[in-house]
Structures are given as C-alpha cells and as structure tokens.
Amino acid sequence: MTTTTLTQVRPATATGQTPWAIKGELILNCNCTVFCPCVVSLGKHGPTEGYCQAWAGIRIDSGHYGDSDLSGLNVGLLLDIPGLMARGNWKAAAFIDDRAEDAAYDGLVEIFSGRARGTTGLFRMLVSEFLGAERAAITYETEGKTRRLMVGKKIQGEVIPVPGKDPDRDIVATNTEYWMGSDITVATATKGRVRAFGRVWDFDGRSAEICQIDWSGPEVAK
C-alpha cells in the first residue's frame with residue numbers, strides 16, 4: 001500500500017489558504033489507565049504511563065475542503081507522544097477512507113497533518129514526525145452506545161461510555177477548553193488494537209473518549 005508523505009500532497013491552493021470544515025464524531029483510545037488527564041489539563045499533566053500512545057477515528061457527517069466534498073468519509077489516526085502532550089515531539093500517521101476521491105484525499109491529509117491550519121493546526125506545531133498517510137478501508141459503526149472503528153487490519157477499536165449512577169445519562173466532562181471539543185464523554189475501550197507503522201499496541205480496558213466535533217480552518221477555530 002502506498003504511503004503519502006507531506007511533500008507528495010497536491011493542495012488546491014497555497015498551504016493553509018483553503019477553507020475547510022468538518023462536522024461529525026471522534027472516538028479516541030489511549031494507553032492511560034484511567035480517564036485521560038489531558039482533557040482537563042490541556043496536555044500540561046502527564047499521561048498516566050508517562051507517555052501517550054493512541055488511536056482515533058473520525059466520522060465525517062458533513063464537510064468540505066475547498067470545493068471537495070468530505071461528507072460520509074472516515075479517517076483513522078495514530079498518535080505516539082513521548083511525554084507531556086503540550087511539549088510536542090509527537091509522531092503521527094493518518095489513514096484516509098479509500099472511497100475518497102483524489103482531491104478529498106489530499107485535503108484530508110492537509111487537514112490532519114495540520115498544514116491546513118484552523119482547528120487541527122496544532123498538529124503542525126506539535127507533530128515533529130508525520131509518519132505518512134495511507135488509503136484504507138475504514139468503517140465507523142454505532143450500535144446503541146457502542147462505537148467501532150475498523151481500519152483494515154491496522155486498527156480494530158471499540159469504545160463504550162463508562163456507566164454512571166443514572167444508566168440513561170453518560171458521564172460527560174463539559175465546558176472544557178479541549179481542542180477536540182468542549183464536551184467529552186468518558187469512555188473505555190472494549191477493544192483497542194493497533195498494528196501499523198511498526199507499532200503493536202493493545203489498549204483494551206484503557207481510557208477512551210467520545211466527542212462531537214465541529215472543526216474548521218484556516219482561520220483560528222471557534
């Protein structure tokens with residue numbers, strides 16, 4: 001499978017100049033043993049294991065990059081962070097829905113590498129090594145409260161909200177300044193396996209998050 005590097009992307013206009021927007025849902029599973037402290041500390045508190053390894057899945061309900069429609073596409077991410085998130089030196093990779101047309105594919109690589117600026121522009125500052133992007137068959141499923149992400153054989157993930165006293169209400173950290181979104185549902189992974197870019201991770205039972213996203217660029221996110 002071909003891996004795209006940043007220099008191979010064909011942006012519609014100069015880097016960081018193309019308007020884009022994405023609305024949908026994101027799930028994330030990391031190696032923290034309890035709920036990720038980054039949500040409330042904004043990356044200033046260390047991960048519970050001293051380093052962060054994570055996968056994420058994005059379901060795009062509606063979106064565009066310039067004139068390219070991104071609606072209905074899915075994205076997978078791999079993140080490998082050596083310490084405090086706010087200090088940077090991240091390694092990251094993206095998996096782009098193989099249904100994406102070339103222009104949409106290029107746009108999603110621009111967005112998730114941070115080069116498109118806006119909400120995900122922090123990747124450009126924090127990621128020291130973008131491992132690349134690959135086309136992949138990606139499914140993002142919702143069954144009841146369960147979310148599942150399948151990125152071929154590279155990522156197999158399933159997350160569920162952590163039950164609260166009232167089983168009909170999720171535990172939600174609200175009104176945060178977390179970059180992904182202000183309201184983060186506390187979850188856990190019932191499956192969290194990564195086999196990609198030399199990483200072999202199993203995060204079953206570890207911290208997870210569910211978040212509704214409303215991202216845009218190149219202006220600073222709302």
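Reply:
**A charged pair and its surroundings**

Glu-25 and Arg-147 form a salt bridge, with their closest N and O atoms 2.9 Å apart. A salt bridge here means a side-chain nitrogen of Lys or Arg within 4 Å of a carboxyl oxygen of Asp or Glu. Side chains of opposite charge can pair when their charged atoms come close.

First, a word on the model. It is predicted, so local features need pLDDT of at least 70 and side-chain atom pairs count only at pLDDT 80 or more, while totals for chains, interfaces and linings use all residues. Residues are numbered from 1 along each chain as its sequence is written, and side-chain values use heavy atoms, with hydrogens and water left out.

Back to the pair. Glu-25 sits in strand 2 (residues 20-30) and Arg-147 in strand 9 (residues 146-151), so the bridge ties together parts 122 residues apart in sequence. Strands (E, at least two residues) and helices (H or I, at least four) are DSSP runs, numbered from the N terminus. Is the pair buried or exposed? Both Glu-25 and Arg-147 are buried. Buried means under 20% relative accessible area, exposed over 50%, and partly exposed in between, with a 1.4 Å probe and protein chains only.

The pair also has partners. Glu-25, Arg-59, Asp-61 and Arg-147 are linked in a network of salt bridges. The structure holds 14 salt bridges.

Now step along the chain to Arg-148. Arg-148 forms a salt bridge with Glu-143, and the closest N and O atoms are 2.9 Å apart. Arg-148 counts as partly exposed because its relative accessibility is 24%.

Arg-148 has another partner, Glu-158. The side chains of Glu-158 and Arg-148 make a polar contact at 2.6 Å. A polar contact is a pair of N or O atoms within 3.5 Å; within protein, one must be able to donate a hydrogen and the other to accept it, and residues adjacent in sequence count only if both atoms are side-chain atoms. Glu-158 lies in strand 10 (residues 155-161). Its side chain also makes a polar contact with the side chain of Thr-190, again at 2.6 Å. Which residues does Glu-158 touch, not counting residues up to four places away in sequence? They are Trp-55, Thr-146, Arg-147, Arg-148, Thr-188, Ala-189, Thr-190 and Lys-191. Touching, or contact, means heavy atoms within 4.5 Å. That list includes Arg-147, and Arg-147 is where we started.

Next, follow Asp-61, a member of the network. Ser-71 touches Ile-60, Asp-61, Ser-62 and Gly-63, not counting residues up to four places away in sequence. The side chain of Ser-71 reaches the backbone nitrogen of Gly-63 at 3.2 Å. Ser-71 is in the loop between strand 4 (68-69) and strand 5 (74-81). Ser-71 counts as partly exposed because its relative accessibility is 33%.

The structure has two cavities of 30 Å³ or more. On a 1 Å grid over the protein atoms alone, a cavity is a set of points where a 1.4 Å probe fits but cannot get out, and lining residues have an atom within 4 Å of a point. Points are joined across faces, edges and corners, and a volume is the space filled by probe spheres set on the points. The largest cavity holds about 90 Å³ of space. Its lining includes Leu-28, Cys-30, Cys-36, Cys-52, Ala-54 and Glu-209. The elements that give two or more residues to this lining are strand 2 and strand 3 (52-65).

Several of those names are cysteines, including Cys-30. How many disulfides does the structure have? A search of the whole structure finds zero. A disulfide is a pair of cysteine sulfur atoms within 2.5 Å. Cys-211 is in no disulfide either; its nearest cysteine sulfur, in Cys-36, is 12 Å away. Cys-30 counts as buried because its relative accessibility is 1%. Cys-211 counts as buried too, because its relative accessibility is 0%.

Methods
1 Å grid on protein atoms, 1.4 Å probe; cavity = no way out; pocket = protein on both sides within 12 Å on 5 of 7 lines; lining within 4 Å.
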